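Please keep the sequence and the model in view while reading.

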Amino acid sequence: MNHSLSLWIRQHAMLHPNRVALTAPERTLTYRQLHERADRAAALLSGELQLTKGDRLAIYVVNCLEWFEVVTAAARLGVVVVPLNVRLTVPELQYQVRDSGCTALVAGQEFWAGVPALVAGTSIQRVLTIAAPSTPDAAPASIPGVSSLAYEQAMAAAPAVPPADAAEDGDPLFIVYTSGTTGKPKGAILTHSNMLYNALNNCVGLGLTAEDTTLTILPLFHVGGIGLFALPTLYTGGRVVVPRKFDPAESLRLIEQERVTVTMVVPTIMTALVQALRQMNPRPDLSSSRGFISGGAPCPAELNEAARELGLSFGQGMGMTESAPTLFLQPEMMFMRDIARGSHIGRPGTIGKPSLFCDVKLLDEEGRDIPPGEVGEICLRGGNVFAGYWNLPEATAKSFTPDGFFRSGDLARADADGYYTIMGRKKEMLISGGENVYPLEVESVLNDHPAVAEVAVVGVPDARWGEVPGAAVVLHPGATTTIAELTAFCRSRLAGYKSPKHWLILPELPRTAIGKVIKPELVARFTAGK
């Protein structure tokens with residue numbers, strides 16, 4: 001069967017054609033307009049770009065309405081979309097393009113200069129270029145041996161009647177590459193069915209309806225931007241606001257102007273929003289917002305309190321690329337409309353409970369179930385769980401238990417009420433002198449120090465103990481402290497083996513595009529400098 005994004009848009013165009021689907025700074029699209037343009041884009045992809053079912057299409061753009069048109073068109077054709085991280089270097093992007101075997105590329109004007117180098121030595125034969133709104137007549141340089149087309153000109157020439165639907169629910173829709181912080185990036189295959197179940201998990205878990213307007217400020221090259229909450233909002237028939245880039249003050253103004261109801265953030269983005277809101281005078285009217293939902297990284301308690309003090313309702317969840325991405329949500333999020341402004345949504349410090357259509361259990365090293373209160377690896381099974389890693393059958397097989405549960409690599413503890421608390425990554429857990437040390441536990445303690453703005457704890461090799469904790473700390477502006485003071489602070493709250501033995505005080509932590517700390521880089525710095 002076909003329950004793809006293309007069908008969602010077509011049905012909404014029939015049911016309520018004049019409802020606005022997408023809003024960008026330069027224009028809006030109703031569901032009818034989005035459907036019509038996606039049909040033309042499908043004709044363009046199958047015609048000029050010569051793409052057929054199963055072919056891979058790389059998309060290299062900032063957040064824009066064209067992204068939705070192209071992806072909806074690809075969904076109709078059964079073409080697989082490979083979103084490229086615009087923050088990566090050309091060699092990093094080439095690896096993903098070669099690994100996935102993309103034969104065509106959609107590139108935004110911001111990246112035209114790098115396209116010739118990007119496509120060199122790859123299987124890309126055709127490039128479709130999207131101009132920025134302010135320069136509609138601009139054209140990229142020609143690329144030897146590659147056919148190049150301007151998007152709007154090609155769309156105008158494309159037939160209005162698209163090819164027939166070709167996708168099935170189990171077919172791949174996206175290949176999204178993992179961050180690669182612990183090795184070569186792996187391409188996670190997300191099917192049409194995966195995206196449907198992710199939409200259902202969010203619609204139920206957040207109470208999303210056609211009356212909601214969400215703000216997409218996470219990048220659409222990342223599964224968080226795609227699935228939280230852009231596509232789920234379109235599934236409901238709601239409206240998605242799509243700024244081209246993240247600007248904290250502008251995002252807050254958009255929430256007021258567009259009456260945004262739900263916004264997905266990561267802690268670094270939420271911190272920027274809180275700081276910007278404190279400085280704005282007059283402050284924007286954010287009364288339309290039902291909540292800001294944070295994921296992607298642990299959220300400091302200090303940030304929770306700062307959001308609440310400013311009257312922002314704030315909650316936490318957890319997901320991953322391999323779960324499309326929604327995995328955990330606070331169950332109270334379903335009733336966000338009834339929660340008072342400035343409230344924490346759910347149980348602070350936890351990631352909530354498993355989503356409706358996802359079965360979760362905690363397992364030990366031997367694959368045995370972990371009782372409440374103990375730490376185990378999160379393992380999951382459900383319609384939102386990915387189909388495997390692209391061209392990596394052995395890695396895929398190792399990632400699943402014999403009964404079909406995906407091993408997430410994340411460690412967590414569940415309480416008696418079923419709320420889960422993340423304890424860190426399995427690969428990041430330290431074993432110091434035979435004792436388990438969970439970096440997140442140490443980070444939580446250090447985040448309570450008044451001088452500490454951010455902290456990341458990693459394992460540093462040690463001749464005597466095997467490894468010991470090392471803490472990289474960022475201080476609040478104007479704050480001062482000493483390593484001796486930080487050490488004493490930890491030792492008063494943690495067992496000696498859990499207290500960091502090595503320290504770095506840094507201006508900022510190294511991060512991925514969505515704000516996750518690159519811990520291998522910190523390990524290398526500790527090892528080189530200790």
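Which residue in β21 is the bridge partner of A414? The partner is Y420. The structure is a predicted model, in which local features need pLDDT of at least 70 and side-chain atom pairs count only at pLDDT 80 or more, while totals for chains, interfaces and linings use all residues. Residues are numbered from 1 along each chain as its sequence is written, and side-chain values use heavy atoms, with hydrogens and water left out.

**The sheet**

Strand β20 (residues 406-414) is joined to β21 by 5 bridges, and the two run antiparallel. Strands are DSSP runs of E with at least two residues, numbered from the N terminus; two of them pair if DSSP finds at least two bridges between them. Both strands belong to an open sheet of 4 strands, ordered β18-β19-β20-β21 with antiparallel pairing. The edges are taken by β18 (358-363) and β21, each with a single partner strand, so one side of each has no neighbour in the sheet. On average, neighbouring strands of this sheet are turned by 45 degrees against each other, direction ignored; the axes behind this angle are lines fitted to C-alpha atoms.

**Aromatic pairs**

A pair of aromatic rings is described by the distance of the centres and the angle of the planes. Rings of Phe, Tyr and Trp (its six-membered ring) pair if their centres lie within 6.5 Å; planes under 30 degrees apart are stacked, over 60 edge-to-face, and the rest tilted. The count by this rule is 10 aromatic pairs. Two of them are tabulated here.

| Pair | Centre to centre | Angle between planes | Type |
|---|---|---|---|
| W67 and F68 | 5.0 Å | 75 degrees | edge-to-face |
| F328 and Y420 | 4.8 Å | 50 degrees | tilted |

F328 lies in strand β15 and Y420 in strand β21 (residues 420-425), so their pair ties together parts 92 residues apart in sequence.

Over the ring of Y389 sits the charged end of K186, 5.0 Å from the ring centre. K361 lies over the face of F405, at 4.1 Å from the ring centre.

**The loop serine**

S343 is placed in the loop between β15 (326-329) and β16 (344-345). Not counting residues up to four places away in sequence, S343 touches R308, L312, S313 and F314, where contact means heavy atoms within 4.5 Å.

How values were computed: Lys NZ or Arg CZ within 6 Å of the ring centre and 35° of its normal. Axes fitted to C-alpha atoms, helices over the stretch in contact; angles between N-to-C directions.
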